[in-house]
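Dear colleague,

Please find the structure below, handed over for your use. A summary of the findings follows it.

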Amino acid sequence: RDSVVSVASTDAAAALVDPSMARLCGDLRKALAQADQRRNQAQDRLRAFESEAEAEELDLAERLRHERAELAALRDRRRFQAEADIRNKKIRSEIREVESERDAMERAASSLQSEVVQARAEAQAAEALAPNPDAVAAEAASLDAVEQSLRAEAAALRSALSFCERRHDDNRREQVRTAEALRRHEEAQFEERSELEAAEEKLRVGRACVADALAMRRLPMDGGCSPRMLQDAASQVEHRKEACRQAQIELEELHEECGQLLRLNGAAEARVEELEQRIAEGGLKATVERAVGLLKKLDVEARRRGAETLKGAARLVLVLAQICGVPRMAYLALDSNRSGRVSMCEFDSGLRLRFGIDYEAITAMEKPVLRPLFKEFDAKKRGYLSEEDFAHCCPEIWAEYGREAWPVAAPERPPSTPATPTKGGPRQQQQQQHQQLK
């Protein structure tokens with residue numbers, strides 16, 4: 001710029017003579033003024049961005065210190081809890097010692113009581129043989145004194161035992177309350193840790209942005225921030241904004257799918273609870289009887305027509321189709337521990353106890369029935385059954401004799417609302433996403 005100005009000042013006379021040179025000098029001055037103005041605006045924006053980044057960094061550092069202080073307080077509380085557990089163990093050991101002493105005293109009291117009874121018997125025998133009023137009175141007084149002392153000791157032992165039991169109950173209740181408080185605090189600590197990680201990530205991104213801005217500031221204005229480079233940077237910013245919008249749209253779709261899955265899971269759990277309630281109330285007995293009656297009716301019709309009757313697992317599938325309706329409900333009802341796998345033991349106990357089905361009589365197979373029947377369901381030979389195994393075992397019987405009222409259907413989903421930009425920290429964003437899912 002200085003060289004151009006010097007050239008323009010030295011060639012002023014020539015510019016007055018040549019109009020094109022004058023116009024060129026005017027255009028250069030305008031371009032220089034616009035470049036200075038853009039540089040000043042860029043510097044102002046950079047300073048504002050730096051101030052905002054510094055303020056946000058201070059805020060995040062303050063939150064980080066606060067979270068670390070809370071973490072230290074949690075460690076102190078855990079140490080106190082460990083000390084309380086040690087004290088509780090000591091108290092329980094003392095209680096066991098007192099109980100052992102009580103048992104020993106009770107045994108001593110019983111032995112003393114037997115000795116008193118024996119002494120009384122001997123005294124009565126001696127009195128019968130040689131009656132002496134004074135000796136008999138003294139012996140009776142000593143026996144009464146011993147009996148009173150034994151009763152006092154027994155009363156003291158009972159009071160000590162009741163005190164120990166009350167103390168044990170109080171300690172157990174205190175342990176339950178402490179465990180519940182510790183669990184709640186661990187949940188809160190997990191949430192705080194997630195917020196802290198999000199804050200640290202935000203701080204890292206802010207520092208990176210500040211470093212990039214400082215690096216851009218140190219670039220020379222004549223060769224490093226040309227209009228072409230500014231246009232490329234603007235296009236990159238627009239491209240990244242478009243990528244962010246696409247990511248937000250995909251995130252909304254994932255939220256909708258998550259809500260749909262949650263609703264399906266809730267509906268399935270409700271159906272399983274309904275089936276378990278029917279099993280607990282004994283309401284399946286009539287259904288099982290109807291299913292067995294239908295099976296017998298089909299056997300009679302097949303014999304009359306000279307056709308082949310159902311055999312093995314097909315007979316059990318017909319009964320389960322009448323009871324549960326679909327393979328999924330039978331699989332969920334038999335998976336008692338909710339592990340996602342139905343073992344042979346669960347298969348046997350579920351059919352016998354939960355459904356009340358005598359599968360040995362229904363399948364009419366040679367004994368032992370359990371292992372061959374389980375193998376007919378376990379076509380992949382994995383040693384456990386899944387929902388797919390139930391569905392692939394005699395699917396035509398499920399389709400023909402299953403009931404349409406049992407399949408799980410998701411409830412109506414309200415129309416999705418467009419996503420709005422969230423403000424605040426990660427905790428507020430999580431709460432807003434949770435509200436959108438609800």
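A residue is called buried at under 20% relative accessible area, exposed at over 50%, and partly exposed in between, using a 1.4 Å probe and protein chains only. On that basis, buried residues make up 23% of the 438 residues in the protein.

This is a predicted model, in which local features need pLDDT of at least 70 and side-chain atom pairs count only at pLDDT 80 or more, while totals for chains, interfaces and linings use all residues. Residues are numbered from 1 along each chain as its sequence is written, and side-chain values use heavy atoms, with hydrogens and water left out.

The protein has 14 helices and zero strands; these are DSSP runs, numbered from the N terminus (helices: H or I, at least four residues; strands: E, at least two). With contact defined as heavy atoms within 4.5 Å, residues 24 or more positions apart account for 72% of the contacts with a separation of 6 or more.

Helix α9 spans residues 344-354, and its buried residues are Glu-346, Phe-347, Asp-348, Gly-350 and Leu-351. Their cover includes α7 (313-324), α8 (327-334), α10 (359-363) and α11 (370-377). Just after α9, Gly-356 adopts a positive phi of about 70°.

The structure holds zero disulfides, a disulfide being a pair of cysteine sulfur atoms within 2.5 Å. Cys-393 is in no disulfide, and the nearest cysteine sulfur, that of Cys-394, lies 4.2 Å away. Cys-393 counts as buried at 7% relative accessibility, whereas Cys-258 is partly exposed, with a relative accessible area of 33%.
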